[in-house]
2 protein chains.
Amino acid sequence: MVVQLERPVEVYTTNLVSDTMMYTYTFDSLPLQRGGLFGPVTLAYETWGTLNAEGDNAILITHALTGSSHAHDVERPDDPKVAWWNPLIGPGRPFDTSRYFVICSNILGGCAGSTGPASIDPHTGRPYAMDFPVITIRDMVHAQRRLVEHLGVRKLAMVAGGSIGGQQALEWAVTYPELVGKVVVMAATAALTAQAVAFSEVERQTIMADPRWQNGNYAPGEGPTTGLAIARMLAMITYQSEETMEMRFGRNLPDPCRSDGVSSPSHYPDLGTRFDVENYLYYQGASLVRRFDANSYLYISRAMDLYDVSEGYPSLEAALRRLTSKTLFVGIRSDFLFPAAHVRWLAERVRAVGGDAQYIELDSPHGHDAFLKEWDQMTAALIDFNRQP
Amino acid sequence: MVVQLERPVEVYTTNLVSDTMMYTYTFDSLPLQRGGLFGPVTLAYETWGTLNAEGDNAILITHALTGSSHAHDVERPDDPKVAWWNPLIGPGRPFDTSRYFVICSNILGGCAGSTGPASIDPHTGRPYAMDFPVITIRDMVHAQRRLVEHLGVRKLAMVAGGSIGGQQALEWAVTYPELVGKVVVMAATAALTAQAVAFSEVERQTIMADPRWQNGNYAPGEGPTTGLAIARMLAMITYQSEETMEMRFGRNLPDPCRSDGVSSPSHYPDLGTRFDVENYLYYQGASLVRRFDANSYLYISRAMDLYDVSEGYPSLEAALRRLTSKTLFVGIRSDFLFPAAHVRWLAERVRAVGGDAQYIELDSPHGHDAFLKEWDQMTAALIDFNRQP
């Protein structure tokens with residue numbers, strides 16, 4: 001196993017990855033899907049477990065919009081809040097670190113250690129900001145390939161991810177079929193719906209309309225906090241479902257203990273009253289602002305919108321015919337951002353062109369976010385998938 | 001029939017109500033549901049048809065968030081774009097102006113001739129702006145009652161409306177059961193879901209976060225155009241459905257003829273590309289800004305959120321037990337803002353306490369907006385409802 005600790009990592013925020021052994025790998029340049037060479041590129045990553053001599057027991061975990069390389073926390077392996085797929089990773093767990101070398105890297109465009117819009121452009125000495133190129137899911141995957149090669153991986157036993165991470169897993173299967181044994185595509189589809197693109201664009205507009213955004217040229221810590229908080233409020237609605245919000249909040253007023261000190265992004269007083277659901281969204285908005293870069297949000301959410309697995313191929317079928325990996329598609333009953341019917345449809349299309357695709361559905365009220373919540377159902381599905389040859 | 005033309009009407013914009021014979025009625029004060037007396041109150045209204053000597057052939061039409069009194073246009077009665085329920089109103093139509101005296105007034109809090117936040121507070125000589133009181137659907141209905149009495153109406157043969165207009169219709173039936181013969185509650189429920197409140201609050205935050213909002217104290221024509229346009233973008237998503245947006249836009253790029261001159265609210269260049277759905281939403285956002293007051297948007301959308309038919313009664317059942325009108329509840333299959341299941345549930349609750357409630361569902365992919373689109377289905381349902389004793 002080759003792991004090169006290049007330098008202490010400066011991440012956008014430190015509260016997310018405290019006590020974390022994070023590494024970086026930097027390479028000179030990456031050809032981008034939309035044209036041009038971009039570089040240098042640094043990817044921040046973490047690994048758990050040990051790579052075998054054959055270099056074929058690696059699992060790559062791919063993260064979602066505001067995620068990071070911190071999918072697992074060895075110090076607190078049972079706390080789902082300190083690492084985003086924590087309960088699924090570890091000895092004896094679906095991503096079994098006693099047998100596999102599990103890798104998770106912050107995506108290209110991110111702000112948790114990898115090169116993104118907040119990184120310093122070595123040619124100018126200033127952050128890239130909106131001079132960062134438009135990147136795609138395919139670009140993220142190409143960069144990840146460079147990383148896994150650097151780590152000595154000859155073949156990935158599995159690539160797995162949810163949401164934008166699911167798009168990456170699918171893209172791995174299509175772009176590098178010979179390098180991937182199994183693939184788990186969770187809560188992701190061949191391409192976003194018009195509705196999902198629309199929500200995504202409203203989120204970006206709230207960021208770009210904030211005068212503190214300054215065409216992206218804000219100083220660190222002085223970004224469009226209001227716009228990003230509102231974007232997050234909207235995103236949180238789309239990550240949940242009518243059903244789960246009704247169960248959780250209904251028309252309740254907030255517990256005074258919970259609303260104390262929580263302010264709306266605009267800071268204007270409540271109009272008549274404050275509902276618990278509003279208070280929750282204010283809290284979530286303020287919380288993201290502390291840990292995420294607004295320009296990264298713009299670029300990664302745009303990559304999500306632009307993703308179309310068939311891009312560059314004569315047809316969707318031609319793209320899917322490339323898949324040779326054993327693939328598990330996981331839909332979520334109540335997901336309206338990546339509707340389960342579309343995930344199922346994609347699995348059927350893969351089978352229709354001769355691919356080995358299975359589909360299961362998480363029976364969850366939690367909407368898109370179920371891929372970060374339904375530990376028991378995900379564990380069962382993944383262990384079953386692992387057992388298959 | 002008593003109709004008093006008080007003065008030429010100044011509306012927030014004129015493009016909506018050109019060639020319209022709009023009247024106003026002003027009364028001194030209105031006790032508000034949340035306390036206090038507010039006044040003077042002016043309601044702008046239009047009427048079609050003639051009130052009979054008994055004063056009992058009137059139909060009150062109640063409008064939605066950004067609507068106006070211009071439900072019908074006698075000059076262009078066949079164009080659904082020039083008046084919001086145009087095809088349903090006229091001789092021989094469901095709201096039959098050869099038999100009924102049809103009234104539609106701009107709601108309290110509106111900006112199309114009635115008293116709202118943009119109106120001049122006579123005590124200060126300046127617009128009310130955010131000194132406008134928090135108003136409720138019940139307040140709107142109380143104001144409408146004053147208007148219909150002024151017009152000589154002794155009993156309303158029918159009250160009908162969709163969305164916030166449906167909330168008003170329901171509130172009429174509960175507050176003034178003795179004054180209403182039949183009621184049509186379309187695409188409205190007993191109270192909004194947590195998800196709908198959440199969307200609504202995101203919309204308000206985008207308005208209030210716009211620096212041009214200035215705590216509501218903007219000069220006419222200098223308001224938060226960016227914030228209001230983004231709010232409208234989001235609202236338009238919630239008025240439609242995943243299904244209809246997919247059919248209409250999919251992942252198409254815009255026709256160059258349609259995108260020419262259309263800019264995003266932030267005016268920042270497209271990130272990689274522009275999807276047709278984005279272009280459409282930009283257009284809709286810019287379009288609302290030209291005809292609607294941002295503070296009105298805040299107050300009316302908040303009234304929608306706050307609405308709970310049971311408020312002030314010991315229980316929902318106690319409120320619904322007051323209904324003596326014959327009631328038609330109309331749900332829309334694809335509506336996710338006011339889900340059909342909730343409309344149906346409300347009709348069942350009314351029946352459960354002995355009320356005369358029917359439920360029908362518009363089989364439409366168009367989401368909430370179907371109540372402004374599905375003319376044939378609505379006509380059929382309303383004519384059938386009219387025929388019943």
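Chain B and chain A bury about 4,400 Å² between them, 70% of it on carbon and sulfur atoms. Buried area here is the accessible area (1.4 Å probe) that two parts lose on being put together, summed over both. Arg251(B), Tyr268(B) and Leu271(B) supply 17% of the area that chain B buries against chain A, more than any other three residues. The model is predicted: local features need pLDDT of at least 70, side-chain atom pairs count only at pLDDT 80 or more, and totals for chains, interfaces and linings use all residues. Residues are numbered from 1 along each chain as its sequence is written, chains are lettered from A and ligands numbered from 1 in the order in which they are written, and side-chain values use heavy atoms, with hydrogens and water left out.

The contact (heavy atoms within 4.5 Å) takes 53 residues from chain B and 53 residues from chain A. Of the interface residues of chain B, 100% are also interface residues in chain A, so the copies meet through the same surface. A rotation of 180° with 0.0 Å of shift along its axis superposes chain B on chain A, with an RMSD of 0.0 Å. The two copies are thus related as by a two-fold rotation axis. The superposition is by least squares on the C-alpha atoms of residues with pLDDT of at least 70 in both copies.

Charged side chains also meet across the interface. Four salt bridges are found between chain B and chain A. A salt bridge is a side-chain nitrogen of Lys or Arg within 4 Å of a carboxyl oxygen of Asp or Glu. Arg302(A) forms one with Glu278(B), the closest N and O atoms being 2.7 Å apart. On the side of chain B that touches chain A, α3(B) gives the most, with 12 residues. Helices are DSSP runs (H or I, at least four residues), numbered from the N terminus, and strands are runs of E of at least two.

Ser114(B) lies in the loop between β8 (101-105) and β9 (120-121) of chain B. At 5% relative accessibility, Ser114(B) counts as buried. Buried means under 20% relative accessible area, exposed over 50%, and partly exposed in between (1.4 Å probe, protein chains only). The side chain of Ser114(B) reaches two backbone atoms: the nitrogen of Ala44(B) at 2.9 Å and the oxygen of Asn106(B) at 2.7 Å. Neighbours within four places in sequence aside, Ser114(B) also has contacts that include Thr42(B), Leu43(B) and Ser119(B).

Notes. Polar contact = N/O pair within 3.5 Å; in protein donor to acceptor, adjacent residues only side chain to side chain.
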